[in-house]
Amino acid sequence: MAERKAGDRTDGRDPGFRERPGWGIGSTPGGEGPAAGSSSRHATNGTGQTDLLTIKSHIHRRLLERLNLSNLDRLDRDEVMETIRSLVRELLAAEAIPLNLEERDELIRQVLDEIFGLGPLQPLMDDPTIADVLVNTSQMIYVERNGRLERTDVRFHDDRHLLQVIDRIVSSVGRRIDDASPMVDARLPDGSRVNAIIPPLAIDGPHLSIRKFNDDALTAEDLVRTGSLSEPMLRLLEGVVRSRLNVLISGGTGAGKTTLLNALSAFIPPTERIVTVEDSAELRLRQPHVVRLETRPANVEGTGAIPQRLLVVNALRMRPDRIIVGEVRSAEAVDMLQAMNTGHDGSLTTLHANAPRDALNRLETMVAMAELNLPEQAVRAQIASAIDVIVQVSRLSDGSRRVMQIAEIVGMEGNVITMQDIFRFEQTGIDQDGHVLGRLHPTGIRPRCMERLETHGFKMSADAFADVPSRMATARLA
Ligand SMILES: Nc1ncnc2c1ncn2[C@@H]1O[C@H](COP(=O)(O)OP(=O)(O)O)[C@@H](O)[C@H]1O
Ligand SMILES: [Mg+2]
């Protein structure tokens with residue numbers, strides 16, 4: 001490769017760059033040209049992404065020199081945008097940077113995103129088909145769309161640029177990220193959840209994980225329409241919620257636990273007082289009478305944390321008709337189970353586990369975290385009498401979410417909690433496009449809880465449970 005002159009800012013990877021006369025980034029104060037990311041879209045006849053990125057950071061810096069930022073807060077957004085638009089046009093003209101109309105609008109939008117939004121992430125945040133935005137250092141950004149991860153061609157100039165955006169996010173919620181506290185959980189004003197972690201904890205550079213707030217949460221009917229569960233399954237769960245049975249939704253991360261919990265909560269009558277306890281408020285209940293509680297992490301000095309357990313205890317003092325714990329993770333399981341057993345029935349919660357039996361084991365472990373040294377038998381008996389129904393959800397290989405099992409707890413046999421499946425998903429194969437094939441079917445067992453549902457005026461025909469060959473009917477899961 002040809003030798004480069006000292007001070008030559010371009011590195012030869014960016015042919016489009018040299019073709020722009022009258023514009024040298026080397027003249028920028030500080031000379032901090034962004035590292036040109038290797039773009040596969042080097043333009044021959046238009047402006048490639050890398051070029052636009054480089055021009056943008058240049059114009060952005062120039063703009064900041066010209067703008068009176070303190071003034072911006074006092075103007076309304078439209079005025080600011082207009083000011084910026086005309087300034088960008090001026091700068092482009094003054095420096096003879098040739099851009100077509102489309103490129104110019106794109107540049108203006110990007111500059112506005114840098115100033116007001118989340119920089120390069122803003123278009124991803126604005127795209128309603130994207131559920132998660134996962135930034136693995138400045139050069140590698142993934143999104144989750146329709147349940148699948150895809151890599152995007154969005155990039156930051158460098159890790160410093162990414163850190164600026166992270167900084168803006170966390171400082172807007174009154175937190176900070178630095179050597180002393182290199183990881184932060186925060187919620188954006190729009191409700192999206194954010195986690196940021198930086199070196200030295202994250203080895204390769206700053207990472208940012210955003211779970212976007214989805215404005216139109218999936219309803220129970222949506223879930224039936226997309227095949228996550230069947231109509232009879234939903235009817236059963238509706239009856240279960242209305243009849244104040246205690247429900248545990250179990251599944252892996254991203255399996256759709258919170259979504260299902262949210263959808264099922266719609267069956268709670270609007271006359272009831274609901275208290276929700278969450279680590280990070282995600283639920284969106286439609287009822288008018290809802291008290292929302294959220295845990296608080298420790299402050300920079302490491303004090304002041306309010307864990308879920310304290311909030312559950314407090315919730316019980318607030319005269320709730322129902323308590324919803326977004327996700328049980330730890331010692332709060334004890335207080336929740338106690339509440340379920342002492343008149344606060346109709347509670348709903350989720351838990352991270354791979355099967356209903358696993359969910360019971362996890363609950364037991366969580367109770368142990370409370371360090372009350374309860375005998376195993378007593379803990380199990382308490383779990384068995386508190387939880388009525390376990391709904392197991394999964395994310396399948398094609399990204400779809402399914403209710404895999406609806407299981408009912410029927411009691412204890414000796415030292416073992418006994419359950420029976422009422423509905424199940426049975427996978428039969430995968431089609432050529434990778435879609436999972438299978439069917440949601442009843443196991444042939446009429447749930448014992450139907451008695452309770454009927455006393456609440458909720459009827460289901462026997463057919464709903466009985467249309468399967470008897471070999472499918474599985475009694476107790478050991
Ligand atoms: N049944 C479903 N169909 C389609 N998308 C779903 C379904 N359930 C959840 N999702 C999507 O999957 C993502 C994770 O769901 P969430 O309920 O937060 O999972 P969990 O609480 O298990 O971690 C969200 O973006 C949500 O919109
Ligand atoms: Mg969740």
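Let us begin with one residue, Ala217, which touches Asp222, Asn262 and Arg284 once residues up to four places away in sequence are left out of the count. You will find Ala217 in the loop between strand 6 and helix 8 (220-225). With a relative accessibility of 14%, Ala217 counts as buried, because the cut-off for that word is under 20% relative accessible area.

Ala217 also shows how the fold brings separate stretches of sequence to one place. Ala217 and Leu283 are 66 residues apart along the chain, and their C-alpha atoms are separated by 9.1 Å. As you explore, please keep in mind that this is a predicted model.

## The chain as a whole

Stepping back, the chain has 478 residues, and 50% of them count as buried. Its secondary structure consists of 16 helices and 15 strands.

The surface and the contacts can be described in numbers too. Among contacts with a separation of 6 or more, 57% are between residues 24 or more positions apart.

## Around ligand 1

Which residues are closest to ligand 1? They are Ser228, Gly254, Lys257, Thr258 and Thr259, out of 14 residues that surround the ligand. By class, this shell is made up of seven polar, four nonpolar and three charged residues. Helix 10 (residues 257-265) gives the largest share of the shell, with three residues.

Some polar atoms can be picked out in the model. The side chain of Ser228 has an N or O atom 2.7 Å from a nitrogen atom of ligand 1. The backbone takes part as well: an N or O atom of the Ala255 backbone lies 3.2 Å from an oxygen atom of ligand 1, and a polar backbone atom of Gly252 is 3.5 Å from an oxygen atom of the ligand. On its own, ligand 1 has 560 Å² of accessible area, and the protein covers 82% of this.

Now look at helix 12 (residues 332-341). Eight of its ten residues are buried, so this helix is largely enclosed by the rest of the structure. The buried residues are Glu332, Ala333, Val334, Asp335, Met336, Leu337, Ala339 and Met340.

What do the buried residues of helix 12 pack against? Their partners are helix 11 (308-316), strand 10 (322-325), strand 11 (348-352), helix 13 and helix 14. After helix 12 comes Gly343, with a positive phi near 100°.

Glu114 is part of helix 5. Is Glu114 buried or exposed? Its relative accessible area is 3%, so Glu114 is buried. Setting aside neighbours within four places in sequence, Glu114 is in contact with Lys56, His60, Gly119, Pro120, His161 and Arg168.

## One aromatic pair

The structure holds one aromatic pair. Its members are Phe423 and Phe465, whose ring centres are 5.9 Å apart and whose planes meet at 50°, so the pair is tilted. Phe423 and Phe465 are both buried.

## Backbone details in the loops

Most residues other than glycine have a negative phi, and most peptide bonds are trans. A few places in this model are worth a look with that in mind.

Ala96 has a positive phi, near 50°. Ala96 sits in the loop between helix 4 (77-94) and helix 5 (101-116), and with a relative accessible area of 47% it is partly exposed. Glu371 also has a positive phi, near 55°. Its place is the loop between helix 13 (356-369) and helix 14 (376-386). With a relative accessible area of 67%, Glu371 is exposed. Finally, the peptide bond from Pro199 to Pro200 is cis, with omega near 10°; Pro200 lies in the loop between strand 5 (193-197) and strand 6 (207-211).

Conventions: Residues are numbered from 1 along each chain as its sequence is written. Chains are lettered from A and ligands numbered from 1 in the order in which they are written. This is a predicted model: local features need pLDDT of at least 70, side-chain atom pairs count only at pLDDT 80 or more; totals for chains, interfaces and linings use all residues. Side-chain values use heavy atoms; hydrogens and water are left out. A residue is near a molecule or strand if one of its heavy atoms lies within 4 Å of it. A polar contact is a pair of N or O atoms within 3.5 Å; within protein, one must be able to donate a hydrogen and the other to accept it, and residues adjacent in sequence count only if both atoms are side-chain atoms. Accessible areas come from the Shrake-Rupley method with a 1.4 Å probe; for residues, only the protein chains shown count as cover. Helices (H or I, at least four residues) and strands (E, at least two) are DSSP runs, numbered from the N terminus. Ala, Val, Leu, Ile, Met, Phe, Trp, Tyr, Cys and Pro count as nonpolar, Asp, Glu, Lys and Arg as charged, and the others, Gly among them, as polar. Buried means under 20% relative accessible area, exposed over 50%, partly exposed in between (1.4 Å probe, protein chains only). Contact means heavy atoms within 4.5 Å. Rings of Phe, Tyr and Trp (its six-membered ring) pair if their centres lie within 6.5 Å; planes under 30 degrees apart count as stacked, over 60 as edge-to-face and the rest as tilted.
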